[in-house]
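Me: I should like to learn how to read the features of a protein model in an orderly way. Could we proceed from the whole chain to single elements?

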Amino acid sequence: MGIVAGLDSSAEFTRIVVCDADTGAVLRQGYAPHPVEPKASDVDPQAWLLSLGEAAGGGLLEGVQAIGVSAQQHAIVPLDPQGALVRPAMVGNDKRAQVAAADLIEAFGGRQAWAEAVGCVPQSGQPVAKLRWLARTEPENAQRVGMLLQPHDWLVWQLLGRPPRRTTDRGAASATGYWSAGAGAYRPDLVELALGHQAALPEVLGPSDAAGTTPEGLLISAGTGETMAAAFGLGLAAGDAVVSLGASGSVMAVHHEALADPHGLITSFADATGMHLPVVHTSNAVRALRGTAEMLGVESLDELSALALKSTPGASGLVLLPYLEGERTPRLPHTAGTLSGLRRESMKPEHLARAAFEGMLCSLTDAMDVLRGRGVEVRRVFLLGAAAGLPAVQAIAPAIFGAQVVVPQPADYAALGAARQAAWALGVSRGTLSPTAPPAWQGAAAQVLEPGEELAVGQAVRQQYVATREQIHPGAFGA
């Protein structure tokens, strides 16, 4: 069918993959860092274009017929009615908007009202909270805002030559806090609540739609957010969940409908295929491992992993509730971590190391159970993040999760997902693919781990953890 490209503009860099449109085989790759200060909260979007140009240098896009764009979420590009930038884009998990998020929750009637309206409760990083911060902190700039785009919307608009029509997709729109994945529609009243007035919003395209064609004849697909693009690149389907192991953690699953959670634990994203991606976040994951390593005087997580495997399942009765930074799931924002089960025989480094791994994975299973409790099926768990390669994680995770665990080989999955979307839009435009069935690219190369005979042991460890959590924080998950 041809050659397509996927472009992922993350918070720090641009990656481009050029793929065979039929098979997904990667033909060429490009990379360039963004010329921005690390961890900057305000960024000139031109930096993304500069990075894109550098990554695409050397004829990388020669012969490409369609491009898909993935970009960082939780960022907003405020434009005036003529399309000029009002101020730098607000990006990242912007702590400045914490008070603004809490203010919005109260102003709209509480967490349940938000969950029912748009499938999520405002967090400081979301565009809707950034708009509230802008209205309160920079009222003159807020008044000038006439159009709201996210990074992927803005990049698609630039690639198409800044046409009058501006577009987004349902995946990226669902991360704004003012578009409902359940209803498939914007809530302009929430934009007005946050910003103080209405603003134009981009048209939401379907998964296989094209945003347009450049004057040179290059088709640009709808694009999407990084999370949705990565899920598409991994080839996730119903029954699949993704556990991300960063300093904090998250559990995301493919589901057939949006979930409105009155407790606000679930963020209801749409995906890039027409399905949904409910997500539950934890405040602590690998940070619990790093804290334990420091306590034990262990220099690396590899050493901590080796130490943990000298212990036995259940860590000789030690249980670590890894709530070192408070916790989002369950909602215990002001609590601290707890180490329980100390006895003379359990006070050994290997048992504490094992308890840290078990506690982290049990906490993430708590998050997974929030989804399971709402009818989300989990048959396969994709484990992402550098810590997914640790032998202790791979040895313990399948039995505790109670599911097959897949550890994909490192790859640019967001860029691959964007390229797959481009191939889909190209095929639909040519009549060779159905709008309801994306190209069947080969799935991610991965290591597959089964619970096997360890399942009963893992469930016993899980029960020990739950009993300790209920003793220390009774009713933490509510009814």
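Reply: Let us begin with burial across the chain. In this predicted model, buried residues make up 55% of the 479 residues in the protein chain.

Me: How many helices and strands does the protein chain have?

Reply: The protein chain contains 15 helices and 24 strands. Its radius of gyration is 23 Å, close to the 23 Å that the globule rule gives for 479 residues, so the chain is as compact as a globular protein of that length. Along the principal axes, the C-alpha atoms fill a box of roughly 75 × 50 × 40 Å.

Me: How should I read the side chains of a strand, and what is the case in β5?

Reply: In a regular strand, side chains alternate between the two faces of the sheet. In β5, A66, G68 and S70 point one way, whereas I67, V69 and A71 point the other way. Both sets are buried. Accordingly, strand β5, residues 66-71, is mostly covered, with six of its six residues buried.

Me: Which strands pair with β5, and in which sense, parallel or antiparallel?

Reply: Strand β1 (residues 3-9) pairs with β5 in the parallel sense over six bridges. Within that pairing, G68 of β5 is the bridge partner of G6. Strand β14 (residues 219-221) also pairs with β5 in the parallel sense, over two bridges, and there L219 is the bridge partner of A66. Strand β15 (residues 224-225) is likewise parallel to β5, with two bridges; G225 of β15 is the bridge partner of A71.

Me: Turning to helices, what span should α12 have, and what is the distance between its end C-alpha atoms?

Reply: Helix α12 comprises the 24 residues 349-372; at 1.5 Å a residue it should span 34 Å, and because its end C-alpha atoms are 34 Å apart, the two values agree.

Me: How many residues of α12 are buried?

Reply: An α-helix has 3.6 residues a turn, so residues three or four places apart point the same way. As for cover, 20 of the 24 residues of α12 are buried, and the helix is thus described as mostly covered.

Me: Which residues form a nonpolar patch on the surface?

Reply: A nonpolar patch on the surface is formed by L339, L342 and M347, which together have about 280 Å² of accessible area. Of these residues, L342 lies in the loop between β21 (338-340) and α12.

Note on methods. Residues are numbered from 1 along each chain as its sequence is written. This is a predicted model: local features need pLDDT of at least 70, side-chain atom pairs count only at pLDDT 80 or more; totals for chains, interfaces and linings use all residues. Side-chain values use heavy atoms; hydrogens and water are left out. Helices (H or I, at least four residues) and strands (E, at least two) are DSSP runs, numbered from the N terminus. The expected span of a helix is 1.5 Å times one less than its number of residues. Buried means under 20% relative accessible area, exposed over 50%, partly exposed in between (1.4 Å probe, protein chains only). Two strands pair if DSSP finds at least two bridges between them. Patches are made of residues with over 30% relative accessible area and no salt bridge: like charges are joined within 9 Å, nonpolar side chains (Val, Leu, Ile, Met, Phe, Trp, Tyr) within 5 Å. Accessible areas come from the Shrake-Rupley method with a 1.4 Å probe; for residues, only the protein chains shown count as cover. A salt bridge is a side-chain nitrogen of Lys or Arg within 4 Å of a carboxyl oxygen of Asp or Glu. The radius of gyration is taken over C-alpha atoms; the globule rule is 2.2 Å times the number of residues to the power 0.38.
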